[in-house]
Amino acid sequence: MKIKYITLIFFSLTVFSGTIYEFTNDEDEKRFNDLIKDIRCPKCTFGSLSSSNAPVSEDLKLKIAEMVRENKTDNEIKNYVASRFGKESLYEPELSKGTYLLWFSPFVILLLALSIFIFRKKY
Amino acid sequence: MKILLKLLIISLPISFLFMFFVLLNEDKQIPGADYREFDLPIFNLEDLDSKRVIKNTDIKGASIINIWASWCITCQIEHPYLMSLNKRGIPVIGINYKDDRDDAINWLSKFGNPYQLIIHDYKGSLALDMGVTGAPETFLVNNGRIVAHYQGEINESIWNKVFAPIIEEQGLFK
Amino acid sequence: MIVEISHFLAIISTALFFLAGLFALTIKNTFYTTNLISKTFSHAFLFFSASFFIYIYLAITDDFSVQYIANHSNSALPIFYKISSIWSAHEGSMFLWIFFLALWGFIFNIFIKNTEILKPKTIGIISLVIVGFLLFLLITSNPFVTILPIAPVNGADINPVLQDPALAIHPPTLYLGYVGFVIPFACSMAFLINNDASVKWESLVRKWSVMAWIFLTIGITLGSWWAYYELGWGGYWFWDPVENVALMPWLAATAFLHSLSVSIKSSHLRTWTILLSISVFSLSLFGAFIVRSGIIDSVHSFANDPQRGLYLLAFISVIILISLSLFISRFSLTRTHRSIKTLSKESFISINNIFFVTLIFSIMLGVTYPLIYEYFYDQKISVGAPFYNAIFIPIVILASIFLFFSIESKWSRSIDLKIFINPIFISLILSFVATLIVFINLEKINVFILLSIFTGLLIIFRYLIEIWNSFVYKKYLNPFSAIAHFALGLLLVSISLNSLLSSERALNIKINEYEEYEDLNIYFRDLNLVKGPNYDSVKANFFIEDENGKSFNLYPEKRRYSRRGQITTETAIYITPFRDIYLTIGDQLEDGSWIVNIQINFLIRWIWFSAFLMAFAGVVLISSKRKV
């Protein structure tokens, strides 16, 4: 009885979580684990779904597990989350006009600098 | 060539630091407010009182949707404001979020009922579909499309800052 | 009130530091003035340390009339945590930061003779930096504020998450690293002011820089290790903005150390070296700014205060602009007209510098991009692990391959290709075979991970051969380079295998039942209520047995701290040489079963071991008698 009382104090909001994620095969489970690492917890200042046990994170994880079981693609799942919680809930910024600079400039700079060094004129 | 290099070395950090000055001084948007538009999600849930089935298509025209629960303390604080909205003739629909039905009904009889309609979202599936992260949260919906979303306690000040501009712009609640 | 004495001493030392700096940079340096400056600095330090130690005394004796101590400490805390509560928040940690700045300066002051040409100006610059920070402390972040007339009876408690030995040591270690780089910075500035290219400032600062680098390396590793066992998520690096902002100085520092040895040995790259010394220190300061201004959300952030952010940014800008202007005005001072020979060590290190700068740039880009994007597009985005991994993995692999081929390279001349071939050839074959074995044995294939493993092995095998050669054939081998780079190879392999082989699952088990996962049988023996010193906890007892019959117990907990009502998860970890079995309990479900999160983390201890090994290489360098 005492255990039930204490746990109710601890977990009163999350008793409604339901069952946890069940997968029929390992690939699904791996896909799920990777997905929740790349999606931000909507309520936390920083941290992925994988690292959060806020109620909304738990709900979202259950929903994502369900979508993985339904064989939805990673993109479909990410779009689902982004359209409801914002693009900022994805840790991987999408490749768009506004992010070309982000994704490509490191390599461009590396190439440029290396070329300048290798082909420098000797004094 | 050397001049170019020198210029680069000094101008890059300067522009970078300047950027930070600008960013630090910038006025942030109202925290908690979100104006992303999306369709009201499809749902099929019970009315809290009558247990009659409500669908997303039953929500017509312009209305306020409020996420609340009997276990949510801040909801008690914003409650009077919702009552006043209701008095002004603004339709307020409630989504009872992850709440026990009896607890919710008791809460309403104790504090008063500002809602024209209450959807019992026991599992929180509709709320999840709407991007809700907790209670209280308030949405402005127009013709099946969500046009504004505020996370947190709603009051006159928030109403004027977050919702009133959109209502004015789209000519709602006339 | 005793705190007022501490306050007063801090003000006096500010004045003294200012005097030392003023003298050093305005008056002509003679033996007499240098002596004066040195003594003034030492006195300033003594006053300041008295101020700091009195403050520690106040914390230990529970003087809650001091607002900061009241907000962050509590009489129930053990002494160790009363002391560490000082640096648990902004004002106090700033105090510690400045103390360490002064400490480094003081030790430098003692060890370096007054006859050293650059000494007075170096001390002067360090003094002025200290003054800037002290003004920041006293004006905007005063730790000496008192609650009067009635002091609270007891303090607020410290966040329970911070009551941890590793976390208590992590900030001081990091700070010692960050502020230690004021020495090469100040010395390089002194060198530029002095305007004489024949002065070898690089030799002067070498061991100091390595020491600071060691602290930085250990500090970051401690943070990673702490996060792993305390936060319950089982990860060791999150690309959190504050982690990133600590990594940038570390990368700059590592590049700086490499460039430094080139400058010492063959006087090439002296310009790069100066620029890098400015960068390391600037990045350290920039890190302090980011963490304390609240401009970026993070798990680490101290209280948001844009006003402080503004002051810090202004201060950092002044330092960066002055140092860069000085650098540009003396640009030709260190340019040599001899060219760098292809495939010489200098050329490899130049390329290394380019790689490191690219990595630093990438992190800076990733950390600031969300801010820039939001400013222009009015939309929020996040830049996290997928981005950083995509940039780091290929570049680190590339740089490591260059490292592999550079090992034989000579100072100031090209490599003799014949001796070149053997160790390279053998390493290539061994690594290829080993990687093939890995590839065949594991069903999962990931090109980049395999490449990382291959590259890491290349480095490991190559150095093993070189070590063998140095013992058997007395062939020369630079010990610090060997240990540090071997550690890098090990790090690459550990990170790759950890990412490839680790797994996790959320099980649900009822008491007295068991579940199977991988090769483990997990039996939920019992659940008990435990009362701790300042918390209540639910403590689970798991009995775990593996395929070979080996068994052990794990006791994960969920705690509720009485003072603040905070709930924390205590992980239970079973450590074996190759893997960690990592257990946490989640919530209880309606059917009475409990969610149990189990992770099997492969080679994670090796990751930290590699990092500590790298730091150890630095220790070997410092304690050696050699010049380079």
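Q: Which residues does R84(A) touch, not counting residues up to four places away in sequence?
A: Bear in mind that this model is predicted. R84(A) touches D129(B), M130(B) and G131(B). R84(A) itself sits in helix 4 (residues 74-85) of chain A.

Q: Is R84(A) buried, exposed or partly exposed?
A: Count the neighbours. A residue needs 20 or more other C-beta atoms within 10 Å to be buried, and 12 or fewer to be exposed. R84(A) has 19, so it is partly exposed. Compare sequence with space too: R84(A) and P42(A) are 42 residues apart in sequence, with their C-alpha atoms 9.9 Å apart.

Q: What does the domain assignment give for chain A?
A: Domain 1 covers 19-92 and domain 2 covers 95-123. Their C-alpha centres lie 35 Å apart.

Q: How many residues of chain A are in contact with chain C?
A: Count each side on its own. Here 40 residues of chain A are in contact with 44 residues of chain C. On the chain A side, the elements giving two or more residues are helix 1 (2-11), helix 2 (26-37) and helix 5 (100-118). Helix 5 of chain A gives the most, with eight residues.

Q: How do I check the span of helix 2 of chain C?
A: Helix 2 (residues 31-60) of chain C has 30 residues, so at 1.5 Å a residue it should span 44 Å. Its end C-alpha atoms are 43 Å apart, which agrees. Just after this helix, D62(C) takes a positive phi of about 55°.

Q: Where does helix 9 of chain C bend?
A: At K207(C), by about 35°. Helix 9 (residues 201-230) of chain C still reaches 43 Å from first C-alpha to last, close to the 44 Å expected. It is mostly covered, with 23 of its 30 residues buried. G232(C) follows helix 9 of chain C and has a positive phi, near 80°.

Q: At what angle do helix 13 and helix 14 of chain C pack?
A: Helix 13 (residues 345-377) and helix 14 (residues 385-406) of chain C pack at about 170°, with axes 10 Å apart. They are therefore roughly antiparallel to each other. Helix 13 of chain C brings residues including F348(C), I351(C), F355(C) and L359(C) to the contact. Helix 14 of chain C brings, among them, F387(C), I391(C), I395(C) and F402(C).

Q: Why might residues three or four places apart point the same way?
A: An α-helix has 3.6 residues a turn, so such residues point the same way.

How values were computed
Residues are numbered from 1 along each chain as its sequence is written. Chains are lettered from A and ligands numbered from 1 in the order in which they are written. This is a predicted model: local features need pLDDT of at least 70, side-chain atom pairs count only at pLDDT 80 or more; totals for chains, interfaces and linings use all residues. Helices (H or I, at least four residues) and strands (E, at least two) are DSSP runs, numbered from the N terminus. The expected span of a helix is 1.5 Å times one less than its number of residues. The bend at a residue is the angle between axes fitted to the seven residues ending there and the seven starting there. Domain bounds come from an automatic or database domain assignment. Axes are lines fitted to C-alpha atoms, for helices over the stretch in contact, and angles run from 0 to 180 degrees between N-to-C directions. Angles under 35 degrees count as roughly parallel, over 145 as roughly antiparallel, 65 to 115 as roughly perpendicular and the rest as oblique. Two residues are in contact if their C-beta atoms, placed from the backbone, lie within 7 Å.
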